[in-house]
Amino acid sequence: MNRIKVFQLLVSYLFLTIALSGAEKVFFGGVAFVGSLADKETLYTHTYPLVKDKLGDEDNLTEQRYTARIRELSSSFPGINLITQSNASLDDGDALVMALAIDGENSTSYQLGSENTYKLTADLNAQILVFDYRTKLLVASRPIGLRLISAKDGSVPESADFKELYRTMLHDDTSPVSLLNAFCAELKELDVTRKAIRRIQVRKVIVEEMAHKWLPDFYFTANQGNGKLSANLGQHFTKYLAHNTGASVLPYVASRAGSQKQARDLKNSGAALVSMALRFSETDVVNLVIPDPDYVVDVSLRGFSKSKGKESSGGESWIYGTYVNIKFLQPALDKIYLDQNLKNVYVSVLVKGSPVTKEQDWSAFHEATMVLFDRLTKNFLKKPDSKWAKAHGSGKSTAKALQKGHEILNKCK
């Protein structure tokens, strides 16, 4: 090796040493699940057994792969001195601990028209949670939302078919929909500095009665209410708000019945962080405390509409509309900064005369809602898109509201 290369290596090592010396030391705790211990196998029917898969006689497959990958990439995470080979301990005082916490899985399927083909959709939601090990207070978080779509010919999809989709997301890092790859990408954006900043959080999600008739049974049942849908919408809006604005966004926390809990302590709300191979010396279950938000967002799903569009000799289009209300509030002052009704449409082209199931309708409604969330959060700008504000809101009043949202979100950075 010549002198120039040796010098380059020494300089690179010096810069890395300086960077790590000023970085926050964070222990990687492993993969976990949000929810009570008793509910883990019903809330996470597919992901829980997959995360528990063993590699050989003792080693946990997920633990091994995720730890190995972030160890390889540890020098590329700015502001974090990531520790993967030591046990976190209360003796470390103010040590920070990181967990990759899975907080939602949802799978759906429906038959494509009269064909003997089924569309399968698997959703996986997770949070990167960094907390103070001594106080259990959440310091930082980053949401992750993944969706894998597949198709199956012949028989009706079974649990094993969906398990394979979740296996792909959890264990196949060559897949374009990989939790491991998404985890590593989000670590590069994670800010764990303990500076005092303002935070925003989705406080509650309301599914209004006008929307109920369009909901498939897996989202609305008499004994469970619409809590599953509320959680899905809350998690997705949180994801778009964090990723598209760069604001400090607290995790969405709701009870499984669909109503927002008043207590900030996850232990009291029944949503404890259930340990999965967390390398803690004193305990294997951590009850995190979410700090109070400075600003909150309330989301109301007001309803849906479906109408027939253009027809051709072989096909017909259907227009699916979704209608929501978004509010930005400051709880301490009981002040509303933004209160807007918004809408979006999704056009689906089908074979003429083919039967359409409720599940297929819902897929279009869900897509319309997700696109609305995405475009809305991208328009929280100093100068939002006036054409978008007119098409999806009330024109000038919506544009002014988006500017106000921009001002609030800027205070949370």
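I looked up the second largest pocket and found about 370 Å³ of space in it. The model is predicted, and I keep that in mind for every entry below.

I listed the lining of the second largest pocket and got 21 residues. Those nearest the centre of this pocket are Ser-141, Asp-191, Ile-197, Ala-247 and Ser-248. Sorted by class, the lining of the second largest pocket holds eleven nonpolar, six charged and four polar residues.

Next I looked at the chain as a whole. I noted twelve strands and twelve helices in the protein chain. The chain has 413 residues, and 51% of them are buried. For contacts with a separation of 6 or more, I found that 73% join residues 24 or more positions apart.

I turned to helix H4, residues 61-73, and its packing against helix H6, residues 179-187. The axes of H4 and H6 come within 11 Å and cross at roughly 35 degrees. I recorded the crossing of H4 and H6 as right-handed. On the H4 side the contact is made by Arg-65, Tyr-66, Arg-69, Ile-70 and Leu-73. On the H6 side I noted Leu-179, Leu-180, Asn-181, Phe-183, Cys-184 and Leu-187. By class, this contact of H4 with H6 has eight nonpolar residues, two charged and one polar.

I also checked H4 against helix H5, residues 159-171. Here the axes of H4 and H5 are 11 Å apart, and the packing angle is about 35 degrees. Leu-61, Thr-62, Arg-65 and Tyr-66 of H4 meet Met-169, Leu-170 and His-171 of H5. I counted this contact of H4 with H5 by class as four nonpolar, two polar and one charged. Arg-65 and Tyr-66 are listed in the contact of H4 with H6 and in that of H4 with H5.

The last entry is on one residue, Thr-108, which I located in strand S5, residues 96-111. Is Thr-108 buried or exposed? I count Thr-108 as buried because its relative accessibility is 18%, and the cut-off for buried is under 20%. I left aside the neighbours of Thr-108 within four places in sequence and looked up the remaining contacts. Thr-108 touches Lys-119, Leu-120 and Thr-121, and also Phe-162 and Phe-218.

Methods:
Residues are numbered from 1 along each chain as its sequence is written. This is a predicted model: local features need pLDDT of at least 70, side-chain atom pairs count only at pLDDT 80 or more; totals for chains, interfaces and linings use all residues. Side-chain values use heavy atoms; hydrogens and water are left out. Axes are lines fitted to C-alpha atoms, for helices over the stretch in contact, and angles run from 0 to 180 degrees between N-to-C directions. Helices (H or I, at least four residues) and strands (E, at least two) are DSSP runs, numbered from the N terminus. A crossing is left-handed if the near helix is turned anticlockwise from the far one by less than a right angle, and right-handed if clockwise. Contact means heavy atoms within 4.5 Å. Ala, Val, Leu, Ile, Met, Phe, Trp, Tyr, Cys and Pro count as nonpolar, Asp, Glu, Lys and Arg as charged, and the others, Gly among them, as polar. On a 1 Å grid over the protein atoms alone, a cavity is a set of points where a 1.4 Å probe fits but cannot get out, and a pocket is an open set with protein on both sides within 12 Å along at least five of seven lines; lining residues have an atom within 4 Å of a point. Grid points are joined across faces, edges and corners, and a volume is the space filled by probe spheres set on the points. Buried means under 20% relative accessible area, exposed over 50%, partly exposed in between (1.4 Å probe, protein chains only).
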